Each structure stands twice: as C-alpha cells, then as structure tokens.
Amino acid sequence: MDPSPPEKGLLQFPDRAPGPQPVRWMRVAADTLTFARFVAGAALALWPWEPSVQSLALVFRWKLLLWTADAADGVLARRSRTPPSWIGRRDIWIDAFVTLAAGIALARAGFLPGLYLALWLSACVFLYLVRPVETVLLAFMFPVQIVLVAQAALRRLPEVALFALWVAALAYLDRRRLKWVIEQFIKGLPDGPKRWVWSWLPAWLRLKPEERAQFED
C-alpha cells in the first residue's frame, strides 16, 4: 500500500527562499544622520567665525565630519532595504544646504568673497528654475568644495593629507555611490553634452543594472 501523503505543510518547501528582510533601525539611523547634518550645517553657517587659519582648519574638520556622515547615512539607507523616507528623498538638498553653509563659513572667515558666493548661488538658482534637475545642485556644490580644499592645501593644513586618504578610501569602499552621482550628473545634462560624455566615459565608472537597482528601490 502506498504511504499516505504527508500532512499539508510538513514536508513542503517554498519555490524560493524569502528575500532579505528590511532593517528598520538602519533607516532610522540614516534619517537621524541626515537630519543631524542639516542641523550641523545651520550651525556651521551661523558660527561666529574669525578671519584666521585656525577658523579655516576648523571649517575643514567640520566639513570632513559632515562628508563622513553623508557617506555613512547613504550606506545605512541602502542596507536597510526599506523605501526612501521623506528626508531620504531630500538628501541632495541637504547636501546642497551643507555646502552653502560651508561657503558662508568660508566667506565669514575671509577665505571666499561673499559676493562671488552670492553670484554663484544666484546663477545656480536661476539655472534650476530653468532646468530643475539634480545636475544643477551638483554643479553648485563642486566649486565650493574645491575652494575649501584648495584654501586648506594652500595653507598646508595637515588635515589635507587626512582628506586625501579619506577620499581614496571612500572612492574604493563606496564606489557604487560615486558612480551613481556621476550618472545623476550626466542624466541632467542637455542631450548634446550628455551623449558626448557617455561616448567616452569608461565602463568602470558606469553603474551596472544590479548596482543601479540599489539606489532606485
């Protein structure tokens, strides 16, 4: 006699294993870091800076800490495997705000003409109104970051060496995000420049489909 069929559910196996479960605390930690960067950016702009190399060094250290927090909240958000939160979807705006705060701090400390910062901000605001893409925000941030690093390098601050090591480590450990930022910048370009950049951009700086999916979830 054939053995009786197994009781339903005892010896049945799913067709596929369940996927990774969301890690809620990582999303909370990422959002907390993002909000903390916003608060720290406001403090950076409002701090009573004096025109001295010591002020420049402190701004540089402060910004290095905020860059690190930015990298950390991105990693936590992706590993949380949860949909982007309200503040997470506005991460690039907080990045731009923190960059503006650093520019204000540099201007108040005498290392960046305030008029130049105001003109550059006004130009980028106008460009964003004409073409509201993240490329404009990234373009706004880049020169301000360069001025900060260049001023620190010109005055031979020891923090510059630490910054170089930080950039090298981040470019390796979080290279997928670097490629994502590059892709977002290119996507917002007009069609002509966009095609030209894609024509020569090397494959190792392009996102693979599975890498892109981690940022688009």
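## A buried pair: D91 and R177

D91 and R177 are both buried. This is a predicted model. In it the two residues form a salt bridge, with 3.4 Å between the closest N and O atoms. The pair links distant parts of the chain.

## R37 and D70

R37 and D70 also form a salt bridge; their closest N and O atoms are 3.3 Å apart. R37 sits in helix α1 (residues 24-46) and D70 in helix α2 (residues 53-79), so the bridge ties together parts that are 33 residues apart in sequence. Both residues are buried.

## D191 and K194

Helix α8 (residues 191-200) holds D191 and K194, three residues apart, so about one helical turn separates them. They form a salt bridge, the closest N and O atoms being 3.9 Å apart. K194 has 22% relative accessibility, so it counts as partly exposed.

## Network and total

Salt bridges with shared partners join six named residues into one network: R37, D70, D73, D91, D95 and R177. The model's count of salt bridges comes to nine.

## Confidence

The average pLDDT of the chain is 87. A score of at least 70 is reached by 90% of the residues. Residues 6-17 have pLDDT below 50. Beyond near neighbours in sequence, that stretch has one contact in the model. Where pLDDT is low, predicted coordinates should not be read in detail.

Technical notes: Residues numbered from 1 in each chain as written. Predicted model: local features only at pLDDT ≥ 70, side-chain atom pairs only at ≥ 80, totals over all residues. Heavy atoms only, no water. pLDDT = per-residue confidence, 0-100. Contact = heavy atoms within 4.5 Å. Salt bridge = Lys/Arg side-chain N within 4 Å of Asp/Glu carboxyl O. Helix = DSSP H or I, 4+ residues; strand = E, 2+ residues; numbered from the N terminus. Buried < 20%, exposed > 50% of the residue type's maximum accessible area, 1.4 Å probe, protein only.
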